[in-house]
Each structure stands twice: as structure tokens, then as C-alpha cells.
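The following note sets out a few points for a colleague who is meeting this structure for the first time. Please read each point alongside the sequence and the coordinates.

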Amino acid sequence: MANSTKASKARTKKGRKSTRDKRPFWSPMFWLTTIIRLLMRPLAFKIYFVLATVLTAYIIYLDAAITSSFEGKKWQLPARVYARPLEVFEGLAISANEFEQELKDLGYRRGSSTRAGSYYRKGNQITLHSRGHTFWDGVEAPQQAHVVFSNNELTQLRELNNSALPLLRLEPMEIGAIYPNHREDRVLVNIQEVPPLLVAALIAVEDHRFYDHNGISPSGIARAAVQNLKSGSVVQGGSTLTQQLVKNYYLTRTRSLSRKVTEALMSLLLEYHYDKEAILQAYLNEVYLGQAGDRGIHGFGLASLHYFNRPLAELSIDRLALLIAVVRGPTYYDPWRHPERAIDRRNRILDILVTRELLDVSDAQWAKAEPLNLGKQSRSHYVFPAYIDLVKRQLREVYQNSDLTSNGLKIYTSFDPRIQRHAEQAMIQGLRKRDDKKLQAAVVVTQPETGEVLAVVGGRQPRYSGFNRALDAKRSIGSVVKPMVYLAALSQPEQYNLATIIDDSPITIETNGKEWTPRNYDRKNHGEVPLITAMAKSYNQAAARLGDQVGVAAVAGVMHQLGFEREVNQVPSLFIGATQLTPFEVTGMYQTIAANGYHTPLKAIRAVLDSDNLPLKRFQYRLEQGVQPDAIHLIQRAMIQVGRDGSARSARQKLGNDFIFAGKTGTSNAQRDSWFAGFTGDVLAVVWLGHDDNSPTQYTGASGALPVWTQLMQSASRRPFSPLVPENIRYHWIDLVTGRPSKESCFSASEIPFIKGSHPQGAKSCSSPH
Amino acid sequence: MIRYIERAAVLISMLMLITACGSVPTLDVEPSVSDDTAVNVDSEDTGLRLPPRETNLQTKKSASAVDQLLVQAQSAIADESLGKASALVERAIRLAPQDARAYFSLAQVRYRQDQKGQAQSLAQKARALVVDDNALLAAIVQFQKGIMY
């Protein structure tokens with residue numbers, strides 16, 4: 001103190017001469033000069049006066065600091081990202097197990113359905129009590145409902161009184177958050193909504209004279225000192241809740257006497273300005289209660305989700321006691337790392353509650369018998385890094401980074417945890433079967449009509465947030481480009497239809513003095529084949545010849561119409577896919593084909609709400625007719641043939657003959673890239689496999705990516721593709737060997753769509769016996 | 001004139017919704033695509049006859065949920081809460097992405113939001129999705145004419 005007095009003297013002397021009489025009385029310098037004048041008085045008075053003044057100034061400073069911390073501190077709330085809410089209705093394709101998994105992911109308790117966030121299951125019937133949620137289009141109230149399942153379908157949805165319930169929307173699962181740099185995370189709670197036992201227990205254990213003291217408790221400090229002396233170590237802190245709150249505002253590890261004095265002064269000031277309720281409320285949201293990676297868990301709201309994966313209001317007595325136990329030392333009593341310590345401390349807290357008559361002995365007994373009942377550690381954070389990456393990128397087109405990390409935005413996405421799980425499993429299984437540790441993978445899954453992105457896998461380790469291959473790996477697409485080549489031709493119905501004969505003999509194309517000679521994968525020439533067969537069997541020579549006829553600009557044009565935005569390198573090798581696209585870009589083009597030529601940008605975000613639940617931005621569903629539906633219908637039929645009799649027929653055996661899908665395999669030069677892009681009636685997926693260093697693999701599109709795609713569809717898709725038939729389309733029987741009109745009974749006959757008037761004429765015959 | 005057509009379209013679609021509500025009893029189970037009706041095609045067979053596109057199974061089953069949302073959307077339209085109407089209809093589209101009525105409703109919302117291009121595209125999509133429903137088709141055609149003039 002003496003030192004600081006000297007220092008302030010020195011400062012004030014310095015400042016005197018220059019500013020003396022110009023200062024108005026409200027200026028700090030005015031007061032300083034006044035002090036200096038007073039310093040001319042006798043010594044004892046001087047010392048007393050200086051000390052008093054410095055202390056007053058210091059208190060004024062502390063007062064300003066603590067009140068601004070308390071009031072001005074708008075908690076920086078990270079943006080939270082939510083999965084799609086499960087819409088529950090009769091006819092929903094979901095099994096009882098999958099439904100139960102959904103409830104478990106949301107932290108529902110199994111056993112009864114009496115409280116929000118719980119359910120009861122008996123065989124194929126589940127009774128649940130939803131929590132309710134505020135969505136961008138209104139509030140979904142908590143609801144008790146009874147659901148019945150049969151054969152992977154939800155067949156009945158009723159209220160508990162058996163009245164009809166057409167639709168129930170569960171709350172969405174949180175799948176991540178976007179944090180500010182210092183990574184303090186919290187979920188704000190209002191003291192009115194906090195279980196009264198938690199508040200009572202907090203006061204009983206940490207500061208039982210909370211309502212009596214003025215911020216500091218001399219008797220508490222004395223008692224703690226005695227306890228600590230007795231045991232020889234720090235077993236009890238003398239801090240009041242107010243002091244702890246102050247400490248949390250200025251978290252440092254130093255334990256000096258001057259810090260203690262500062263804390264005590266600030267506590268007194270806080271108590272002077274604010275009532276106990278306000279201080280408690282701040283404490284409940286501020287106190288540090290744990291660590292998840294580099295993310296600090298602050299406040300009881302988030303701690304409840306962090307430790308138990310359920311909201312504070314739903315915690316049982318033993319869980320509440322554990323949270324109180326953790327207050328004293330989140331690291332020391334970390335229930336995951338030191339379960340025994342945590343249980344001991346929890347049980348001691350339960351004893352204190354009995355002593356203070358806040359809990360019955362019998363309740364305390366069963367609570368003490370409970371295990372720690374922890375949820376899965378860090379369940380929901382950054383476990384889907386590739387998808388969150390996409391969400392962030394789409395958000396950055398609209399928001400500043402600071403909005404995302406501090407304003408508590410709620411971001412609703414179309415992420416489907418069930419589909420994501422299936423996509424990851426399909427990929428992991430596919431890679432496991434292939435003995436190639438370097439082999440990487442990417443998967444993008446969307447809803448084929450709406451273009452909403454359901455799942456993204458960015459690499460062989462889906463939990464690892466490294467290079468996001470789904471969005472960033474630009475790779476040669478191989479034959480995945482062919483639907484665009486054929487679409488360019490089919491868009492000229494006067495010249496091309498699915499039965500048009502294409503020559504698959506060797507071809508050399510010359511551009512700018514350079515010759516290009518593509519070869520078929522099987523190194524054979526297939527002669528004259530109908531267009532649909534050339535496409536289904538992925539003949540390169542036929543595709544190159546057709547591409548050369550329609551022109552490379554037309555093919556690039558189709559790619560743009562389908563939604564591809566970057567420039568296309570217009571060289572003939574484009575016809576067999578010597579162009580680099582990301583899996584996400586390929587998905588965008590296939591999306592337009594699946595949606596009958598309507599282009600809609602792929603989107604992950606449905607809506608954004610601010611912290612008061614007001615909608616900030618709706619990401620509207622928009623569509624534009626990209627390619628005429630007639631030509632699209634023809635290419636869809638050719639892509640179905642890929643799975644019937646073409647390069648993807650192995651998938652047909654797995655999915656079943658009736659489960660129609662449309663797609664295309666792709667293999668780049670020397671098998672550096674293995675692709676399959678395709679869709680069913682309810683799922684569109686693009687799968688890519690390859691090496692990061694672009695070295696050759698052992699896999700073609702059919703042997704690498706296709707099995708992953710098929711596995712994904714087997715578990716995730718419930719609806720075969722059923723193409724829309726535009727008004728201008730007529731079906732005719734055609735022999736797929738000759739491309740000529742055929743009888744229905746011919747062996748290689750198929751009923752094929754034609755744009756009205758464009759079908760081949762002539763007598764019906766069979767190329768081979770029936 | 002445009003207003004008249006627009007109102008007629010809304011009225012017709014409301015009527016259709018109401019009739020749809022009444023005509024979807026929960027026990028109306030349609031024949032499932034079961035094994036006995038499926039033709040076992042061996043892998044050599046290249047032929048395929050696509051099944052005629054019926055009112056989609058999913059669409060039919062989710063009808064009452066979609067109805068509820070579309071009715072709510074219509075009343076939001078009537079209250080001029082177009083943002084809410086849009087959100088409700090988009091929700092309906094997510095439940096039944098091949099339900100023509102939902103796209104038609106969204107076309108109506110976009111029209112009122114002064115997004116005529118989107119209204120036209122959505123109506124066109126709705127029209128393509130109509131299966132065996134002449135009244136709905138007629139209403140969409142009327143609506144499209146209304147936008148053009």
C-alpha cells in the first residue's frame with residue numbers, strides 16, 4: 001500500500017503543473033490536484049487522507065468493474081446447431097428400435113412416461129412424453145402420445161386418451177455449436193425454472209448463511225480456517241457464493257492476499273447493488289463446472305446436459321447432488337476421471353441435505369445407492385464435423401463470425417442422425433472389407449425432391465474434423481459425367497432418343513493438334529448399340545462419339561443447367577469425366593436429375609432463430625426448372641437401366657428386383673477414383689473412394705463405391721424410385737440389343753419412354769428367341 | 001380478374017383439403033408391394049416395366065398430417081401471415097415431398113409474397129406431381145393462367 005501511495009504521489013505531482021486550473025470539478029484530475037494541495041498539510045493528516053482517498057478511488061474503480069461485469073456482461077452464447085426434428089405421423093417409415101434410439105439420443109428416460117422427456121416401451125408400442133420446443137414456425141407444446149409400430153412403420157399415433165393425433169414433432173437433437181475464441185459455453189437458465197432443491201442445496205453446502213451476510217462471512221472464513229488448520233490442508237473454502245461469483249468473473253489461479261481483499265470488496269459492492277436473487281441467478285449461469293475438450297462448461301444448465309445428457313429440470317436427487325459436488329472442484333471431482341471421489345462427495349452432500357432438513361433420510365438413502373448415472377461423455381459435440389463444416393460455410397454466406405459465436409443463435413438444419421449413422425456404417429464396413437489403410441471416402445446424402453442435405457461423411461474417420469473430402473476433394477469424376485453427355489443428346493429429341501444407335505467402335509478425336517483416343521474399360525469394341533445400352537454399360541467409345549456429335553459446349557451447358565457453378569474445362573476428355581468435381585458438386589447435379597429437372601441449391605439450414613426465438617432468416621425452399629422434364633425422364637430411365645443390366649447390376653441383387661433406383665458408376669483413369677452417384681424414391685447419395693495422394697486404387701466405381709452406396713440404401717431408403725411421367729412422354733417396347741421396335745414377349749425387350757413422336761418405327765421383331 | 005382466379009384457386013384447394021380429410025380413414029390400408037405380387041426377375045433379365053405411378057404410398061399415409069399443416073397454412077394465408085404459411089407448407093413438403101397439394105400451396109404463398117417466378121415454378125412442379133386428381137389439376141392450371149396474365 002505504501003508503495004502504491006508513493007507511486008500515486010509521483011504520478012499526481014507530475015500531472016499537477018500542466019493541468020492545474022483547467023480541470024472542471026467532475027474531472028478526476030481536479031480531485032487529484034485537490035489531493036495534492038491537501039498534501040501540503042501536516043504529515044499525519046496527509047497520510048490518513050491519502051490512504052483514505054486512494055482506498056476510495058480504488059473502491060470506486062472496483063465498483064465500476066464489478067457492476068459492469070455483472071450488468072454489462074451479456075453472456076456470449078455460442079450458436080447452437082440442431083438436427084432435423086423427428087416428425088411423427090402415421091405412415092412414417094421407422095421401426096420401434098429406431099424410434100427408441102431417437103428418444104435415447106434426446107436423453108429421454110426409459111421407464112414411465114409421466115414426466116416430459118421420458119417414455120415407456122412394451123414390444124412394438126411406445127408411450128412417450130415429449131418436452132416441447134420453440135420452432136421458427138411456432139411452439140410445439142409438450143405432449144403425451146402413444147405410438148404403435150408394425151414392420152418398420154409407425155402405424156398408429158394417438159393421444160393418451162385415444163383421440164387422434166395427426167402429427168407430433170419431437171424436439172431436435174443438438175449436434176454442435178459454434179464457439180467464441182475463449183470457448184466458454186453455457187446454456188442460460190432462469191432461477192424460476194431451476195429445481196428448488198438445487199438452489200437450496202447449493203446454499204446449504206456452499207454458503208448456508210447466504211441470505212444473512214453482506215457478501216462476505218467473517219465467521220465462515222474463521223470456521224474454514226479452523227477446519228483447514230485441523231486437517232492440515234484446505235478442506236473448506238470460506239468463500240460466500242457472492243465471492244465465488246466474483247472469482248468466476250475474473251478467473252485466475254492466483255491465491256494472494258490482495259486478490260482475496262479485492263474479491264471481498266467486490267462482493268460487498270455486489271451485495272450493495274443487487275438483491276440475493278439476482279446474485280444467485282448470475283451464479284447459476286456463471287460458475288465453472290467442467291471441461292469438454294477445450295470448451296469450458298459454465299453454469300448448471302449446460303452442466304446438466306454435459307454430465308447427464310438431459311435438462312436440469314429433469315434431474316433426479318442424486319444427479320442434482322452430484323452437480324453440487326462438482327462445484328467445489330470440477331477437475332478434482334470430475335466424475336468421469338475420479339468416480340469414487342465424486343460419489344463420496346455426492347453422498348456427503350446428500351448427508352448435509354438431510355442434516356439441514358432439505359431431504360428425507362429415506363430419499364437420501366436411495367439417492368446414495370445410485371451409481372453416478374452419467375450420460376455418454378461429450379455425446380453431441382462435434383461428432384459430426386463434416387456436416388457442421390457445411391453448416392458453417394452456408395452460415396458464413398449470411399452472417400459475420402461474431403454473430404455466430406456470441407449471440408446465442410439457434411440454427412436448425414436438415415441433418416438426419418439416422419441417415420448419418422447409416423452412411424458412416426456403410427462406409428466403415430465398405431472400407432473394412434478392402435485391405436487398404438490409405439483408402440479414403442466421402443459420402444453426401446440428400447432428400448431427392450427438396451435438396452436438403454441429410455448427412456455428410458468427410459473421410460474414413462467420421463469423428464475426425466480434418467480434410468472434408470465431401471466438400472473439398474476435387475476429383476476426376478469418370479463416367480459419373482455420362483448422364484450429362486447423354487442428356488445433351490436427349491435434349492435434341494429430333495435427333496436422339498434412348499433407342500438411337502450409337503457406334504462403339506474405336507474413335508480418335510483431334511483438338512488443337514492433339515489426338516485423344518479413349519478406350520472401353522473392358523478393352524473391347526461393342527459395335528452398334530442403342531443409346532440406353534451404351535449408357536447403362538458405360539461404354540467410353542460410344543460416349544466419346546456421341547459427345548463429339550453434340551459438342552463439348554453442349555455437355556458443359558447441361559452441367560451448368562444442372563447446377564454446377566464452376567467453369568468447365570471444355571476438352572473432349574470431358575465426355576468420359578476427365579474433369580474434377582467435389583462429391584458435393586456431383587450431388588448438386590444429380591439432385592436436379594432426381595428432382596425431374598428442377599434445380600434447387602443443396603441446403604443444410606432450414607432456419608435461424610435469435611436468442612429470443614425470433615426468426616432471423618428463413619432459408620426458403622426455392623426451385624428453378626433447369627432442364628426440360630421430358631429429357632430428364634429419358635435419362636432417369638437410362639440410369640435405372642444402369643442398375644437393371646448395366647454397371648451397377650450387383651446392387652440390384654442386394655436391394656431386390658422391385659426396388660428401383662437410378663444412378664451411375666464412375667471410375668477415373670487408373671482407378672484413382674471410385675464413384676457411385678444415385679437415388680431411390682427417398683434418398684440420394686454420392687459415394688467417392690480414393691487416395692488423398694491421387695495414386696491408383698484397386699477399385700472401380702462398381703467394386704468400390706457402389707457396395708457402400710448399396711449398403712447405405714439398404715438401411716436408409718424405404719421407397720424405390722418411381723419416376724414421374726411427363727405428359728409428353730409415351731412408352732414403347734424396344735429390343736435393347738437392336739434398338740428396334742419389339743414384341744413385349746421378346747427376351748431383350750423393355751418398355752422405354754420416348755418424347756411423343758420420336759420413337760423408332762417399323763415391324764416388331766425379336767433379336768433373340770423368347 | 002387475377003384476384004378472382006386466385007380466390008377460386010384457394011377455395012378449390014380448401015375444398016379439396018376438406019374432402020381429403022374426410023376420405024382418409026386410418027384403416028384404409030393399400031395393398032403393399034409384397035412378395036406374392038412381385039415377379040421374380042432373374043438377374044439376366046434386362047426388361048423392365050415400370051409400375052404405374054400411383055398416388056404415392058407415403059403421400060397417402062401421411063395425408064392427415066399433411067392436411068393438418070395445409071389447413072393451418074391456409075388460415076395463416078388468410079391472416080396475411082405469409083412467413084408462417086410458408087414455413088408450414090415447407091414442413092408439409094418435408095413430410096410428403098411428392099404431394100402435389102403441398103407444392104401448390106407453396107406456389108400460392110409465393111404468389112402472395114410477390115415471387116411470381118417461384119410461384120410459377122412451384123405450380124409447374126405441383127402439376128407434374130398430380131396423380132389421378134382432375135380437380136386439383138384444373139385448379140393448378142387456372143392458377144398458372146392467373147399468374148401469366
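1. In chain A, strand E4 (residues 118-122) and strand E5 (residues 125-129) run antiparallel and are joined by five bridges. Helices (H or I, at least four residues) and strands (E, at least two) are DSSP runs, numbered from the N terminus. Across this pairing, Tyr119(A) stands opposite Leu128(A) of E5(A).

2. This is a predicted model, in which local features need pLDDT of at least 70 and side-chain atom pairs count only at pLDDT 80 or more, while totals for chains, interfaces and linings use all residues. Residues are numbered from 1 along each chain as its sequence is written, and chains are lettered from A and ligands numbered from 1 in the order in which they are written.

3. E4(A) and E5(A) belong to an open sheet of five strands, in the order E3-E4-E5-E8-E9, with mixed pairing. Two strands pair if DSSP finds at least two bridges between them. Strand E3 (109-110) and strand E9 (154-159) of chain A are the edge strands, each pairing on one side only. In general, strands of a sheet pair through backbone hydrogen bonds, either parallel or antiparallel.

4. Helix H4 (residues 96-105) of chain A lies across E4, E5 and strand E8 (144-149), and runs at about 20° to E5(A). Axes are lines fitted to C-alpha atoms, for helices over the stretch in contact, and angles run from 0 to 180 degrees between N-to-C directions.

5. Further along chain A, strand E16 (residues 440-446) is joined to E17(A) by four bridges, and the two run antiparallel. Thr446(A) has Val453(A) in E17(A) as its bridge partner. The two strands form a hairpin with six residues between them, and Gly451(A) in the turn has a positive phi of about 75°. Strand E17 (residues 453-457) of chain A is mostly covered, five of its five residues being buried. A residue is buried if 20 or more other C-beta atoms lie within 10 Å of its own, exposed if 12 or fewer, and partly exposed in between, with C-beta atoms placed from the backbone.

6. Two residues of chain A deserve a check of their backbone. Gln671(A) is not a glycine, yet its phi is positive, near 55°. Gln671(A) sits in the loop between strand E28 (662-667) and strand E29 (673-679), and is buried because 20 other C-beta atoms lie within 10 Å. Asn694(A), also not a glycine, has a positive phi of about 65°. Its loop lies between strand E30 (684-690) and helix H25 (701-716) of chain A, and Asn694(A) is partly exposed, with 14 other C-beta atoms within 10 Å.

7. In chain B, how are helices H3 and H4 oriented to each other? The axes of H3(B) and helix H4 (residues 82-95) come within 8 Å and cross at roughly 165°, so H3(B) and H4(B) are roughly antiparallel (angles over 145 degrees; under 35 count as roughly parallel, 65 to 115 as roughly perpendicular and the rest as oblique). By class, their contact has 13 nonpolar, one polar and two charged residues. Ala, Val, Leu, Ile, Met, Phe, Trp, Tyr, Cys and Pro count as nonpolar, Asp, Glu, Lys and Arg as charged, and the others, Gly among them, as polar.

8. Helix H3 (residues 63-78) of chain B also packs with helix H5 (residues 100-112) of chain B, at an angle of about 15° and with the axes 11 Å apart. H3(B) and H5(B) are therefore roughly parallel to each other.

Key: Two residues are in contact if their C-beta atoms, placed from the backbone, lie within 7 Å.
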